[in-house]
Amino acid sequence: MSRVFTLDGNTDILNCDLTNIPMQEFSERDSDENKEVYEQYKKATPARVGIGHTGSRYHTAAALRFQADQYSAANAVQMEVPERVVKELGLFEVQTKCASKYEMLTRPDLGRLFTEETKKIISERCVHEPDVQIFIGDGLCSPSVEANVPTMYPAICAALEYEGITVGTPFFVRYCRVNTVRTVAELLHPKVTCVLIGERPGLLTSQSMSAYMAYNARYDMLESDYTVVSNISRVGMPPAEAAANIADIIKAMLEQKTSGYGLKY
Amino acid sequence: MDKTESVISVGIDIGTTTTQLVFSRLTLQSSGGYGITPKTVVSDKEILRRSHIYFTPLTGSDTIDAQGVRRIIEQEYAAAGFRPEMIDTGAVIITGESLRKSNSRSVCEEISSIAGDFVVTSAGPDLESVLAGKGAGCMELSEQPENLGKICCNLDIGGGTTNIACFRGGETISVGCLDIGGRLIRLDSSGRIIYISDKLRKLAERSGIMLETGSVLGTETAEQVCRIMCEVLESAVGLAPPNETVGYMATNHSIDVLPELFTFSGGVADCISSEHENFEFGDLGVILGRTLRRSKFFREGRVISAAETMRATVIGAGNCSIELSGSTIEYRNCVFPIKSVPVLRQRLSCAADISGFAERARRSIENCGALGAGNHIALSFAGLKNPSFDEIEQLAAEISSVSDIAGDPLMIVVEEDMAKVLGQALKRRIPRSEPLICIDGIACGDGDFIDIGEPVSGGRVIPAVVKTLIFR
């Protein structure tokens with residue numbers, strides 16, 4: 001019985017990063033039987049189909065891939081965004097009231113608040129009352145910042161500025177939760193507040209990002225006042241295209257003076 | 001939140017033998033919101049009215065009676081209760097031997113202008129095969145779970161041609177067309193041959209059957225001729241050993257795959273299952289149908305009955321010719337519809353292809369100008385899977401440097417999801433007053449033509465028809 005590897009036959013599965021292989025190319029089967037059918041399945045979904053088994057067990061490569069994806073997801077949550085990345089993006093950094101990653105995970109309420117001192121820094125360093133305030137947060141997925149923001153942020157700004165929309169001073173928030181949007185909005189009073197924030201990773205990707213946007217965000221706004229673009233990653237919505245879409249949504253918010261459920265887009 | 005809207009579509013098929021219309025309602029469903037990339041799809045197709053089936057009016061052996069066709073169209077619009085301005089989209093397709101008539105192009109264009117604003121003209125045996133296959137339900141058949149991986153083949157046997165389309169998993173994988181049909185011989189009421197196609201006469205001669213106009217065609221001879229035609233079809237799909245007659249009888253080319261499941265559509269398909277008098281229609285259709293029923297298709301192949309037979313092509317034209325762009329696209333200052341713009345395919349599928357894009361595009365635009373293709377073209381390319389902002393900026397700079405010779409509006413058609421970001425970058429580089437369309441999710445090849453309709457789904461999606469145009 002011949003074994004079909006879409007994995008390169010020479011790949012040493014014990015000595016390579018299996019997570020680099022796109023799931024749609026990750027296939028290991030015992031024969032060529034129904035090859036076309038498997039190809040269709042693989043093309044249709046990034047789910048783990050056609051990965052082979054021996055008796056009731058996965059093949060070694062598939063089992064390792066499961067573990068690798070699991071750990072890279074867990075890592076993505078636990079990891080810190082390196083200072084280097086923040087610097088390269090040309091952002092200044094602030095931190096929420098959380099003292100550590102662990103605290104951010106266990107105390108979401110603190111992940112949206114700043115100390116008085118931090119508030120002062122933001123207030124001093126940022127332009128007040130711009131049309132749009134964009135800031136970046138690590139959220140539940142640190143690697144998504146480096147993976148997506150370098151493409152997204154300049155694309156959003158270029159599109160907004162072309163439309164004559166003013167964009168505020170961007171910054172990076174460590175240990176950031178989505179609702180930091182409310183706190184930032186109360187400080188700087190932009191018309192639209194937008195956070196680009198890492199989203200909870202899964203087995204498929206540990207680099208995906210969401211944009212949460214709200215018109216006239218306040219402490220007492222409703223969750224349904226947020227407009228969200230999610231699943232931004234190289235296996236989801238491409239970051240460049242997502243950025244263009246986000247810019248258009250922001251433009252629509254400014255025109256309609258609303259966001260979330262009330263926005264017609 | 002899912003939103004739906006509907007559009008009215010018309011299909012008009014002017015075939016070798018018959019002319020028909022179909023009116024349908026297409027439901028467009030757009031999904032979006034939390035966690036879902038916006039997407040608009042055709043979620044439902046409902047046929048509102050099938051016209052009568054008319055004989056295609058001819059004024060001579062080489063010309064279509066344009067006035068006659070026009071009368072049929074107007075009569076059917078009135079009967080259906082539609083005015084041209086109520087029709088959102090659709091296609092006029094001129095098929096089979098009608099395509100080879102001297103005035104086919106002008107008739108087709110005239111009809112599309114009276115049929116509705118965004119009713120496009122299309123022609124060409126390959127497109128016809130695909131539309132017939134879709135109309136016959138063969139494409140859907142290939143998507144059924146039990147047929148996964150199997151090649152499903154539709155043979156649309158009309159008066160003059162047999163259009164073959166093969167599908168696998170909902171995708172067209174091979175098409176072909178043979179000059180085989182029910183009306184390659186026509187008889188008068190006394191059984192004399194009043195017309196025989198040249199190709200068929202020569203094919204029959206090879207087997208020692210001499211056919212001449214004016215002579216009486218007996219049932220036995222007719223059966224022999226039909227068996228010969230049937231054998232050509234069997235070889236074409238691999239049920240019989242390869243045979244040089246397939247190449248001889250090909251309109252353009254045959255298929256290059258081996259199908260497992262078959263459906264039959266077209267006028268002759270109706271004669272497969274139902275009994276008729278031998279020469280009831282004054283042609284070979286009835287006997288050809290009967291011969292097919294006894295052929296290897298039914299003995300050795302698996303035949304599944306088609307969703308539509310006689311009307312497969314026209315339903316395909318009305319229901320299946322339209323494609324929807326991706327939902328993140330960019331356009332401005334355009335007047336829709338924009339019809340029959342020739343497509344120039346460019347190489348651009350990785351970042352390394354960006355540099356030199358302008359030069360290559362310029363050269364191909366100039367070349368096509370030299371061929372007299374007019375002064376408006378659409379640039380099409382595969383695109384980049386995950387472009388960075390810098391790559392988009394570079395590409396936009398390259399494209400905008402040829403915008404002066406690409407005609408108005410500047411048209412960019414890409415496959416990968418990148419049209420909105422590219423469109424925005426282009427907008428920043430060309431003067432604000434200049435029109436621009438940048439759409440994705442649509443594949444087209446060099447030499448195709450593209451029609452762009454009025455945006456739908458709140459302006460987020462553009463309907464397009466990609467087609468080949470081959471007129472004599």
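How many bridges join E1(B) to strand E5 of chain B, and do the two run parallel or antiparallel? In this predicted model, six bridges connect E1(B) with strand E5 (residues 89–94) of chain B, and the two strands run parallel. Within this pairing, B:Val10 stands opposite B:Gly90 in E5(B).

Strand E1 (residues 3–14) of chain B also pairs with strand E2 (residues 18–31) of chain B. Here the strands run antiparallel and are joined by twelve bridges. B:Val7 of chain B has B:Leu26 in E2(B) opposite to it. The table sets out the two pairings of E1(B).

| Partner of E1(B) | Residues of partner | Direction | Bridges |
|---|---|---|---|
| E2(B) | 18–31 | antiparallel | twelve |
| E5(B) | 89–94 | parallel | six |

As a general point, side chains in a regular strand alternate between the two faces of the sheet.

Attention now turns to the helices of chain B. Helix H3 (residues 125–135) and helix H11 (residues 312–319) of chain B pack with their axes 7 Å apart, at an angle of about 95°. Because angles of 65 to 115 degrees count as roughly perpendicular, H3(B) is described as roughly perpendicular to H11(B). On the side of H3(B), the contact is made by B:Glu128, B:Leu131, B:Ala132, B:Lys134 and B:Gly135. H11(B) contributes B:Ala312, B:Thr313, B:Ile315, B:Gly316 and B:Ala317. Sorted by class, this contact of H3(B) with H11(B) has five nonpolar, three polar and two charged residues.

The model also contains a contact between two chains. Chain B gives 20 residues to this contact, and chain A gives 22 residues. Helix H13 (389–400) and helix H14 (419–427) of chain B each supply at least two residues of the side of chain B that touches chain A. H14(B) gives the most to that side, with four residues. Seven nonpolar, eight polar and five charged residues make up the side of chain B that touches chain A.

Chain A is assigned domain 1 (4–78) and domain 2 (83–262). The centres of these two domains of chain A, taken over C-alpha atoms, are separated by 34 Å. Nine residues of domain 1 of chain A are in contact with eleven residues of domain 2 of chain A. The side of domain 1 that touches domain 2 in chain A has five nonpolar, three polar and one charged residues.

Finally, the predictor's confidence values may be stated. Chain B has a mean pLDDT of 89, with 96% of its residues at 70 or more. For the complex, the predictor gives an ipTM of 0.89 and a pTM of 0.84.

Terms used. Residues are numbered from 1 along each chain as its sequence is written. Chains are lettered from A and ligands numbered from 1 in the order in which they are written. This is a predicted model: local features need pLDDT of at least 70, side-chain atom pairs count only at pLDDT 80 or more; totals for chains, interfaces and linings use all residues. Two strands pair if DSSP finds at least two bridges between them. pLDDT is the predictor's confidence in each residue, from 0 to 100. Axes are lines fitted to C-alpha atoms, for helices over the stretch in contact, and angles run from 0 to 180 degrees between N-to-C directions. Angles under 35 degrees count as roughly parallel, over 145 as roughly antiparallel, 65 to 115 as roughly perpendicular and the rest as oblique. Two residues are in contact if their C-beta atoms, placed from the backbone, lie within 7 Å. Ala, Val, Leu, Ile, Met, Phe, Trp, Tyr, Cys and Pro count as nonpolar, Asp, Glu, Lys and Arg as charged, and the others, Gly among them, as polar. Domain bounds come from an automatic or database domain assignment.
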